[in-house]
Amino acid sequence: MFKDFYEMVEVVLILCNDFSPKEIKEVGRAINVCHTLNNDKDKRYRLYQSIEGMLWNNSEAINIGFRPFLRKKRKEVNEMLKYHELNCKGIGCQVCIDRKKVYDIMKTEM
Ligand SMILES: [Zn+2]
């Protein structure tokens with residue numbers, strides 16, 4: 001479904017915008033664990049396990065199915081990031097603001 005773990009992380013970070021702080025921290029922990037795994041497929045499997053439970057709160061994911069939902073998101077995120085790469089203006093950029101918000105939550109202790 002994803003080309004590699006790196007691409008999956010990009011999509012999951014965008015999905016995090018809809019997750020609760022507690023869920024975002026859980027995703028952050030899962031990504032850290034994944035970095036200790038050697039095999040790319042194992043990493044993707046581990047990360048999928050961590051987000052699967054959170055997708056049950058997403059009505060679109062439930063309606064169309066988790067895998068089609070992730071495939072759709074993957075396409076959207078790839079297009080969005082391509083656009084962002086060419087058009088990011090730094091300060092005031094919504095993509096950068098959202099991403100920083102997610103990283104900050106991942107970093108805070110709870
Ligand atoms: Zn930006």
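Is Lys-82 buried or exposed, and how many other C-beta atoms lie within 10 Å? The legends below take up this residue and several others in a predicted model, in which local features need pLDDT of at least 70 and side-chain atom pairs count only at pLDDT 80 or more, while totals for chains, interfaces and linings use all residues. Residues are numbered from 1 along each chain as its sequence is written.

View 1. Lys-82 is found in helix 5, where helices are DSSP runs of H or I with at least four residues, numbered from the N terminus. Lys-82 is exposed because 10 other C-beta atoms lie within 10 Å; by the rule applied throughout, a residue is buried if 20 or more other C-beta atoms lie within 10 Å of its own, exposed if 12 or fewer, and partly exposed in between, with C-beta atoms placed from the backbone. Leu-81 lies in helix 5 as well, and with 16 other C-beta atoms within 10 Å it is partly exposed. The C-alpha atoms of Lys-82 and Thr-108 are separated by 29 Å, at 26 residues apart along the chain, whereas those of Leu-81 and Cys-96, 15 residues apart in sequence, are 11 Å apart in space.

**View 2. The packing of helix 1 against helix 5.** Helix 1 (5-15) and helix 5 (residues 66-87) pack at an angle of about 95°, with their axes 9 Å apart; axes are lines fitted to C-alpha atoms, for helices over the stretch in contact, and angles run from 0 to 180 degrees between N-to-C directions. The two helices are therefore roughly perpendicular to each other, a term that covers angles of 65 to 115 degrees. Glu-10, Val-11, Ile-14 and Leu-15 of helix 1 make the contact with Leu-70, Lys-73, Arg-74, Val-77 and Leu-81 of helix 5, two residues being in contact if their C-beta atoms, placed from the backbone, lie within 7 Å. By class, this contact of helix 1 with helix 5 has six nonpolar, no polar and three charged residues, where Ala, Val, Leu, Ile, Met, Phe, Trp, Tyr, Cys and Pro count as nonpolar, Asp, Glu, Lys and Arg as charged, and the others, Gly among them, as polar.

**View 3. The packing of helix 2 against helix 6.** Helix 2 and helix 6 pack at an angle of about 80°, and their axes are 8 Å apart, which makes helix 2 roughly perpendicular to helix 6. On the helix 2 side, Pro-21, Ile-24, Lys-25 and Gly-28 meet Val-102, Ile-105 and Met-106 in helix 6. The residues of this contact divide into five nonpolar, one polar and one charged.

**View 4. Helix 3 and its bend.** The 16 residues of helix 3 (residues 40-55) should span 22 Å at 1.5 Å a residue, and the end C-alpha atoms are 22 Å apart, which agrees; the expected span is 1.5 Å times one less than the number of residues. Helix 3 bends by about 30° at Gln-49, the bend being the angle between axes fitted to the seven residues ending there and the seven starting there. Lys-43, Arg-44, Leu-47, Ile-51 and Met-54 of helix 3 are buried, and what covers the buried residues includes helix 1 and helix 2 (21-35).

**View 5. Lys-89 and Glu-109.** Lys-89 has its place in the loop between helix 5 and helix 6 (94-107), and it is exposed, with 7 other C-beta atoms within 10 Å. Glu-109 lies in the segment after helix 6 and counts as exposed, with 4 C-beta neighbours inside 10 Å. Glu-109 and Lys-25 are 84 residues apart in sequence and 8.8 Å apart in space, C-alpha to C-alpha.

Key:
Angles under 35 degrees count as roughly parallel, over 145 as roughly antiparallel, 65 to 115 as roughly perpendicular and the rest as oblique.
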